[in-house]
Amino acid sequence: MPKVIIDSSFYVSLAIDGDINHLRAHLAAKKITGAKITTEDFLKETLTVVSQRQGKQAAGIFYQYVISDTEILPVTTELFYRGLDKFLGPNLNKNVSLIDCIAAAIYENIGADSIATFDDHFKLLGLKVVP
């Protein structure tokens, strides 16, 4: 069964009707098959943005949507440090966040097949990006 990690940029686009990528996210979400996975960090980012733009109630509703069919992975100490090593690497683009580097470490650790995102910089980390 394919494993797809879902990034906060994808979730935010899916949750917010006026987002530039909302339709793309909605269509792509229907095509995701296999195990849906996200990280605690991606969930924190997503719920914060949804709350700021649409209110706490909308954030709560979106949280229920996510947990209905998505595994939420914790950021262990080991994976934090693997991500930190990537983040502090001398050749990494300065615009790639620590949270995204930690996600790349999780991606590798679980053997994910792709990441659903609208952030192209995941390609710089060697991840297969969809949509």
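Guide: Keep in mind that this is a predicted model. Start with T46, found in helix α3, residues 40–54.

Visitor: What makes T46 count as buried?

Guide: Its relative accessibility is 0%. Buried means under 20%, so T46 counts as buried. Leaving out residues up to four places away in sequence, T46 touches S8, Y11, V12 and F62.

Visitor: Why is the pair of Y11 and F62 called edge-to-face?

Guide: The ring centres lie 5.5 Å apart, and the angle between the planes is 80°. Rings pair within 6.5 Å, and planes over 60 degrees apart count as edge-to-face. Both conditions hold for Y11 and F62, so the pair is edge-to-face.

Visitor: What does that pair tie together?

Guide: Y11 lies in helix α1 (residues 8–15) and F62 in helix α4 (residues 56–67), so the pair ties together parts 51 residues apart in sequence. Ring pairs also bring in Y65, giving a cluster of Y11, F62 and Y65.

Visitor: How do you know whether Y11 and F62 are buried or exposed?

Guide: Check the relative accessibility. Y11 has 2% and F62 has 8%. The cut-off for buried is under 20%, so Y11 counts as buried, and so does F62.

Visitor: What makes F42 and F122 an edge-to-face pair?

Guide: Their ring centres are 6.4 Å apart, within the 6.5 Å limit. Their planes meet at 85°, over the 60 degrees needed, so the pair is edge-to-face. F42 is buried, at 0% relative accessible area. F122 is buried too, also at 0%.

Notes
Residues numbered from 1 in each chain as written. Predicted model: local features only at pLDDT ≥ 70, side-chain atom pairs only at ≥ 80, totals over all residues. Heavy atoms only, no water. Helix = DSSP H or I, 4+ residues; strand = E, 2+ residues; numbered from the N terminus. Buried < 20%, exposed > 50% of the residue type's maximum accessible area, 1.4 Å probe, protein only. Contact = heavy atoms within 4.5 Å. Phe/Tyr/Trp six-rings, centres within 6.5 Å; stacked < 30°, edge-to-face > 60°.
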